[in-house]
Amino acid sequence: MGIKKISKDGFSGLIEGLIAETTVIGVQSKGDKFVYDLLGSSANLRLDYDVTILPPKKYFLQPAEILLRFDGEKYEAEFDDEEFVLVGVHPYDMIAINQIDKLYSEDNFDSHYMRRRENATVIACDVARASENVFASSMGTATVSEGFDILLTDIGDFYVAESATDKGEKLLGKAEGVSTAEDEDLKAREKIQEENKKNLNKHKLGCKPSELPGLLEKAYNHPIWEELGKKCFSCGSCNQVCPTCYCFNVQDEVNWDLKSGTRKRVWDGCLLDGFTKVAGGHEFRKSRADRIKHRIYRKGKYVPEKIGGEIACVGCGRCVGACLTDIANPVKIYNRLIEDIGIGK
Amino acid sequence: MSGRREDRSIYQPELATVRDRKMLNETELYLRLSMDSGVLEYKPGQFVEVSVAGIGEAPISISSSPTADDGFELVIRRVGNVTNAIHKLQTGDKVGIRGPYGKGLYPVDEVKGKDLIFICGGIGLVPQRSFIKYVLANRGEYGQVTIFFGTKTVAQRLFASELSEWDKLEGVEVKETVDKPEEGWGGEVGVITTLIDKIDKDIRDAMIFACGPPVMYKFVLLALEEKKVKAKNIYLNLERKMKCGVGKCGHCQMNNYYVCIDGPVFCYSKLKDIPEAI
Ligand SMILES: Cc1cc2nc3c(=O)[nH]c(=O)nc-3n(C[C@H](O)[C@H](O)[C@H](O)COP(=O)(O)OP(=O)(O)OC[C@H]3O[C@@H](n4cnc5c(N)ncnc54)[C@H](O)[C@@H]3O)c2cc1C
Ligand code: SF4
Ligand code: SF4
Ligand code: FES
């Protein structure tokens, strides 16, 4: 697949064309923040954004989605087969999606998620502006090399556009204003990416991401978990905004006829009370300290063990801003552990 | 229907028909079911998700042995929404089934020739019964079988006539205890560990299988330690909240293990490295 460049006008035209024929979701401003939403005009697209409130995961694993419909005793699986284009995915969010792709396709193939993933065309873009709490540079997630169909890098009047799939190639083929990316364009892109690898770093992790599982190996009984547990409200916001959280609950809804209805899955969070509670009242992970620990271990050790070592915190910084009591920042936790117990063997 | 995995949902229940039902006591319902399409193939220790449209699903252990050829059996305690709805099912009714799930890690082949001790607390007898019946169907391949069964009250006992049938078999011994005895009770009195404490032979080479409420395990493990049983000879059948059964929803996780896909039966030597397990 190739790397080309496309004029900004050409790209706007491409988006307008897509809006006319399919569902296009893109990053737009909302107050002084940014969100993914249905795009009505290319003029509303804000590829210069810093971070969105919620990650783009919500288009693949929806906050509430129908898994099945039932009528009497008959069940029928429901799949969402609408094609859509998702524009503006930052590298760290792309990497989070790539991770969930693995988790939802391995072992037991989740076709509800995977079909949405197949129906999507993803236009990613390199970060143009660092958000307040991003630490992707620390996590090695400031740039991305796979998962997208097209990756854009803003180099002034043009975007460098790398297509990684047939879908992406075809789409660029339709656009106007596309030309060969010259050496200087590629250099300009490389410069931006190299800078992002250093500068998307508002919180600096004191070790390599690959050293985190080893660090956690030794931190299970550290006092920090109790300290944080005392401050946590158990509100689940840190789960809610996280691009790599993928736990869910399942609920049935019955129609007026009391016969037919839907079985839905809805986002759930391991910080919430009741997440592990069974009939009879026994709760397996009752203390907040244990739940905070679980979140950090899941991101830094358990999920990595399932997906080949990649750390399941991509440094988007959303949880840092979402936590009212300012305890969710993974870097602060890791750095404290490094300080207290060190990373060596 | 095409066979593409993309066209199938791992959350889609298949229909089964209730062939037989009876109440075993006040709260526990016995069901014998058969799948409407084909046979459910399973191993001792596996479970199914039972689905009631409009209410939800509940993970329920398979209580019959795979050696049985007339469907499969479940025993359901009435404790909440889904289990209440399951209790309303009548013979001939349809119910949704997904599974079987879990690895069903009873070491069916590894323990051949060994003495087996089953420690069952209350409804913990239900999953164990699958392996017990499997062992009894292949009697010659296993050593002495001891079954401990403890309930709070006499009224909560399960499969009482089956237990006394088993007790009559050569090389099988059944011992029962209740927390609160009543007139005419001939078994032991006290929690299940009383039965373990009273074992008067060397059980270091026996294989132990335990299933019961979460609080039971700590005490059973202590009692077994007294008897010098090694961790590798002990298997525990764990319960957790489950919302999917297929390793996705996250509810059943204990440290880096998922009880639904890695268990629910675990060797205690493995559980020792899982602080959230017991
Ligand atoms: C592997 C496994 C095997 C089991 N085998 C049996 C069995 O053979 N017989 C039997 O009677 N019970 C068994 N249980 C327990 C049974 O699944 C619960 O009692 C049942 O899910 C309760 O659901 P409810 O809707 O009736 O209760 P509610 O209290 O109304 O349920 C509330 C919610 O919590 C969840 N939940 C509550 N308790 C449990 C639980 N213990 N395990 C998982 N999810 C729970 C339910 O999914 C539901 O969403 C087993 C549990 C597990 C994990
Ligand atoms: S843990 Fe926090 S910083 Fe890491 S990916 Fe999740 S929301 Fe982003
Ligand atoms: S956002 Fe903060 S207060 Fe809320 S659950 Fe997470 S750590 Fe606790
Ligand atoms: S029950 Fe959902 S992950 Fe185990």
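**View 1. A salt bridge across the boundary between chain B and chain A.** In this predicted model, Glu57(B) pairs with Arg263(A) in a salt bridge whose closest N and O atoms are 3.5 Å apart. How many salt bridges are there between chain B and chain A? The count is three. Over all chains, the structure holds 44 salt bridges.

View 2. If you widen the view to the whole contact, you will find 39 residues from chain B and 46 residues from chain A taking part. The size of an interface is often given as the accessible area lost when the parts come together. Here, chain B and chain A bury about 3600 Å² between them, with 53% of that area on carbon and sulfur atoms. Which residues of chain B lose the most area to chain A? They are Tyr11(B), Lys248(B) and His251(B), which together account for 18% of what the chain B side buries.

**View 3. A salt bridge within chain A.** Asp80(A) and Arg116(A) form a salt bridge, and their closest N and O atoms are 3.2 Å apart. This pair links distant parts of the chain, its two residues being 36 residues apart. Asp80(A) sits in the loop between strand 5 (74-77) and strand 6 (84-89) of chain A, while Arg116(A) belongs to helix 3 (residues 111-119) of chain A.

**View 4. Helix 10 of chain A crossing helix 12 of chain A.** The axes of helix 10 (residues 288-306) and helix 12 (residues 330-341) of chain A come within 12 Å and cross at roughly 85°. Because of that angle, helix 10 of chain A counts as roughly perpendicular to helix 12 of chain A. On the helix 10 side, the contact is made by Arg295(A), Ile296(A) and Gly300(A); on the helix 12 side, it is made by Pro330(A), Ile333(A) and Tyr334(A). By class, the residues of this contact are four nonpolar, one polar and one charged.

**View 5. Backbone details in chain B.** Gly99(B) and Pro100(B) are joined by a cis peptide bond with omega of about 5°, and Pro100(B) lies in strand 6 (residues 94-101) of chain B. A cis peptide bond also joins Gly263(B) and Pro264(B), with omega of about 0°; Pro264(B) is in the loop between helix 6 (259-262) and strand 15 (265-267) of chain B. Phe159(B) has a positive phi of about 50°, although it is not a glycine. Look for Phe159(B) in the loop between strand 8 (145-153) and helix 3 (160-168) of chain B.

Technical notes
Residues numbered from 1 in each chain as written. Chains lettered and ligands numbered in written order. Predicted model: local features only at pLDDT ≥ 70, side-chain atom pairs only at ≥ 80, totals over all residues. Heavy atoms only, no water. Axes fitted to C-alpha atoms, helices over the stretch in contact; angles between N-to-C directions. Helix = DSSP H or I, 4+ residues; strand = E, 2+ residues; numbered from the N terminus. Parallel < 35°, antiparallel > 145°, perpendicular 65-115°, else oblique. Contact = heavy atoms within 4.5 Å. Nonpolar A, V, L, I, M, F, W, Y, C, P; charged D, E, K, R; others polar. Buried area = accessible area lost by both parts, 1.4 Å probe. Salt bridge = Lys/Arg side-chain N within 4 Å of Asp/Glu carboxyl O.
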